[in-house]
Amino acid sequence: MSVPPLQLRFVMSAMRVQDLPPTDGEVAIVGRSNVGKSSIINALANRKELARTSKTPGRTQALNLFDTSAGTTVVDLPGFGFANAPKRVRSTWPAMIEDYLLTRDRLGSVVVLIDAEIGPTPIDVTALDWLRSHELAVRVVANKYDKVKASKREKRKRELAEGCGLEPGEILWASAAKNLNIDELRRRLPLWAHPEGR
Ligand code: GDP
């Protein structure tokens with residue numbers, strides 16, 4: 001059964017956590033640049049231009065808030081950076097982003113977008129490690145699944161899952177371009193905003 005498109009509405013960009021409005025529960029979305037974060041947000045909303053808002057100058061380093069018809073808030077975070085520090089995972093996310101991730105009590109889960117064809121990259125793994133080390137609930141969505149040849153899919157699923165320290169079934173395989181599993185993502189967002197025990 002098809003799920004009606006979430007009505008995603010751009011609410012605001014904030015540079016400080018304390019400027020955010022109260023919400024009923026949030027899912028943050030992160031991913032290295034070019035992984036298709038804007039495309040996923042647009043696909044969720046069934047619109048072509050929505051997430052361009054987040055790419056306008058001045059907003060790329062901000063927390064960009066979208067509310068949805070399901071009551072869940074989606075928070076688009078800037079692309080991540082990590083210093084190549086051996087033994088220790090050192091985030092180079094701006095302090096404000098770390099502040100958001102580490103102090104926001106409305107944050108239910110962090111969706112890490114990974115390129116289904118080439119991921120996880122070392123920076124993806126470092127991000128996952130950092131998020132887990134801070135006991136954040138992490139959900140992996142592998143975008144651009146359409147780029148993986150049918151004959152390679154099973155192997156790719158195992159490789160990507162293993163690289164993320166997950167089982168293949170724990171990863172949502174999606175394609176913003178081909179609208180694959182976008183309905184499933186719509187279904188999961190409200191659940192991920194209120195994971196059990198958080
Ligand atoms: P962002 O930098 O993470 O916001 O990435 P964009 O949404 O701008 O996408 C980066 C590029 O990947 C663009 O050329 C998109 O058209 C392309 N892209 C995004 N999602 C998909 C997908 O699911 N499949 C394919 N084949 N290309 C995609």
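**Exercises: salt bridges and a buried strand residue**

A network of salt bridges links Lys155, Arg156 and Glu159; a salt bridge is a side-chain nitrogen of Lys or Arg within 4 Å of a carboxyl oxygen of Asp or Glu. The model is predicted, so local features need pLDDT of at least 70 and side-chain atom pairs pLDDT 80 or more, while totals for chains, interfaces and linings use all residues. Residues are numbered from 1 along each chain as its sequence is written, and side-chain values use heavy atoms, with hydrogens and water left out.

**Exercise 1.** State how Asp183 and Arg186 are placed in helix H6 and what their side chains form.

Step 1. Helix H6 covers residues 182–193 (helices are DSSP runs of H or I, at least four residues, and strands are runs of E, at least two, numbered from the N terminus).
Step 2. Asp183 and Arg186 are three residues apart in helix H6, so about one helical turn separates them.
Step 3. Their side chains meet in a salt bridge of 2.6 Å, N to O.

**Exercise 2.** Decide whether Arg186 is buried or exposed.

Step 1. Buried means under 20% relative accessible area, exposed over 50%, and partly exposed in between (1.4 Å probe, protein chains only).
Step 2. Arg186 has a relative accessible area of 6%, so Arg186 is buried.
Step 3. Its partner Asp183 has 21% and therefore counts as partly exposed.

**Exercise 3.** Describe the surroundings of Ile29.

Step 1. Ile29 sits in strand E2, residues 26–30.
Step 2. With 3% relative accessible area, Ile29 is buried.
Step 3. Leaving out residues up to four places away in sequence, its contacts (heavy atoms within 4.5 Å) include Lys37, Ile41 and Val111.
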